[in-house]
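The report below goes through the overall build of a protein, its helix packing and the surroundings of its ligand. Please keep the sequence and the model at hand while reading.

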Amino acid sequence: MTIRTRLVVSTFLLQVFSMALLGWGVLAVRRQFQDRELHQSAALIEMAVERAASDALIQKDDVALLSYMKFLQVQYPAITQARILWKNKGRERAATVGLGRFGAQVRESRFTVADPADPQRTVEVDLALDYDVLDAPFWDANRRLTKIILAVWGGTSLLGLLVSFLIARGLTMPIVELSRLAGEIGGGKLGGKLAWESDDELGGLVRAFNGMSGRLEEFDSIKRNFVSSVTHELRSPLGAIESFLQLIREKMAGGTPEGYAQSKDFLERIQVNVRRLSGFINDLLDVAKIEKGKMECVLRPMELPVVANEVCQFFEAKALQQGVSIQNRLAVLPAVMGDADRVRQVLVNLIANGLKFTASGGQVWITGEQFRDGGARWIEITVGDTGRGMDEADRSRLFQPFTQGRNVSEGVAGHKGTGLGLYIVKSIVDQHGGKIEVKSTPGQGTRISFSLKVAA
Ligand SMILES: Nc1ncnc2c1ncn2[C@@H]1O[C@H](COP(=O)(O)OP(=O)(O)OP(=O)(O)O)[C@@H](O)[C@H]1O
Ligand SMILES: [Mg+2]
């Protein structure tokens, strides 16, 4: 049985049961009142008979008692029989009014009335009352009440069935949809999300599911990017190395001085590709460390301008070759707390990006500025460029591993890369307790800033 059917059946049964209990309670209370009124009616008849007997004794008129009893019998059909026994100084005389009827509900009562002037003169009356007849007027009212209760019961049960169906449907619909989406995800179709908003537990479940589905899609795209990046980043330098080795072998076989000179050039190119390979492998090792939470930075006071200078010098030749100017605009700054190797890595990655996305005639620079945050002194280092910039969609994803912006697709300076640089940069800045921020306008350039704490 489905949850929806179970919910409908149980709420419906609960409602039917509680309505039945309520109806039964109303009828039981009604029955109590009815019994009390029944006994009052019986007492009223007995009182009338008793008074008639007493009057007849005082007036010494036996016949009057008999005719009054007949009158009472007509007035109260519940009187089935009255046996009257007159006693006067040992003499007795009996008379009976009514034929008598005997049934389960006929009850007899006996009472004796004495003449107040002559206690030896008494009248004894055995009165038989049929309670079925006394009860009869109440039954009509009871039947009407029962009909009303049944009508209300039926109406509310149908309404309850409808309401419980609607509630059950409302509760189970997102669950049914979630299980359908989970099945789709299980079958490999990732990214399914359910459009359902509510502030209750179901809303929470749907939000958690949508978040999980989004993360799974992200992981899947990272995995796909990872496979293609790794394949590309390993195959292309290896392919280049293999071709250059082949060329060197041919040139060497020729034994000519030009052949040797060309072989030297090929060796340099092999070295470039070996560097590219080892750089990629180092990045992969860093990612593995970050994922395991083992990327540790040892913070010591360090001079930022010195490191920035080294990095600018390292890229100078490449920038010159590209026709891009590279400037270290860091003024005299206080020492910061940092792991010099890791801060160098941050600057290398940021400047490499700047150069990659800036065409000939552009500029790449490093600036720094002091600021205070909650009593602590910080330095914000910015790497800026006048390159192609990026749009909002690219900006929101650039710190994810193996994720590159769409601006990489059109020819960039040098090789395309793998989308690991900024992921590693952000992890290092996080380890330093700093913040990283990106400002970029398509076609105008990019500024990526990160902060480091000033050494005490
Ligand atoms: N200075 C920049 N100008 C324009 N886009 C940038 C800049 N820096 C980063 N980006 C965008 O952010 C993306 C991620 O950068 P990231 O450094 O992580 O990877 P990558 O440079 O593509 O590859 P890798 O650094 O692994 O060689 C880039 O692909 C690019 O789309
Ligand atoms: Mg990069």
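## Overall build

In this predicted model, the secondary structure of the protein amounts to nine helices and eleven strands. The radius of gyration is 53 Å, well over the 23 Å that the globule rule gives for 456 residues, so the protein is more spread out than a compact globule. Taken along the principal axes, the box that the C-alpha atoms fill comes to roughly 170 × 55 × 35 Å.

The protein is divided into domain 1, covering residues 3-137, domain 2, covering 201-290, and domain 3, covering 296-453. Between the C-alpha centres of domain 1 and domain 3 there is a distance of 107 Å.

## Pairing of α1 with α3

Helix α1, formed by residues 3-59, and helix α3, formed by residues 131-186, have axes that come within 8 Å of each other and cross at roughly 165°. Because angles over 145 degrees count as roughly antiparallel, α1 and α3 are therefore described as roughly antiparallel to each other. Sorted by class, the contact of α1 with α3 has 21 nonpolar, twelve polar and four charged residues. The crossing in which α1 passes α3 is right-handed.

## Pairing of α6 with α7

Helix α6, which spans residues 304-322, packs with α7 at an angle of about 25°, and the axes of these two helices are 9 Å apart. Since angles under 35 degrees count as roughly parallel, α6 and α7 are therefore roughly parallel to each other. As α6 passes α7, the crossing is right-handed.

Which residues come nearest to ligand 1? Of the 24 residues around ligand 1, these are Q404, G405, G417, G421 and L422. By class, the residues of the shell divide into seven nonpolar, 13 polar and four charged.

Key. Residues numbered from 1 in each chain as written. Chains lettered and ligands numbered in written order. Predicted model: local features only at pLDDT ≥ 70, side-chain atom pairs only at ≥ 80, totals over all residues. Axes fitted to C-alpha atoms, helices over the stretch in contact; angles between N-to-C directions. Helix = DSSP H or I, 4+ residues; strand = E, 2+ residues; numbered from the N terminus. Parallel < 35°, antiparallel > 145°, perpendicular 65-115°, else oblique. Left-handed = near helix turned anticlockwise from the far one by under 90°. Nonpolar A, V, L, I, M, F, W, Y, C, P; charged D, E, K, R; others polar. Domains from an automatic or database assignment. Near = placed C-beta within 6 Å. Rg over C-alpha atoms; globule rule 2.2 N^0.38 Å.
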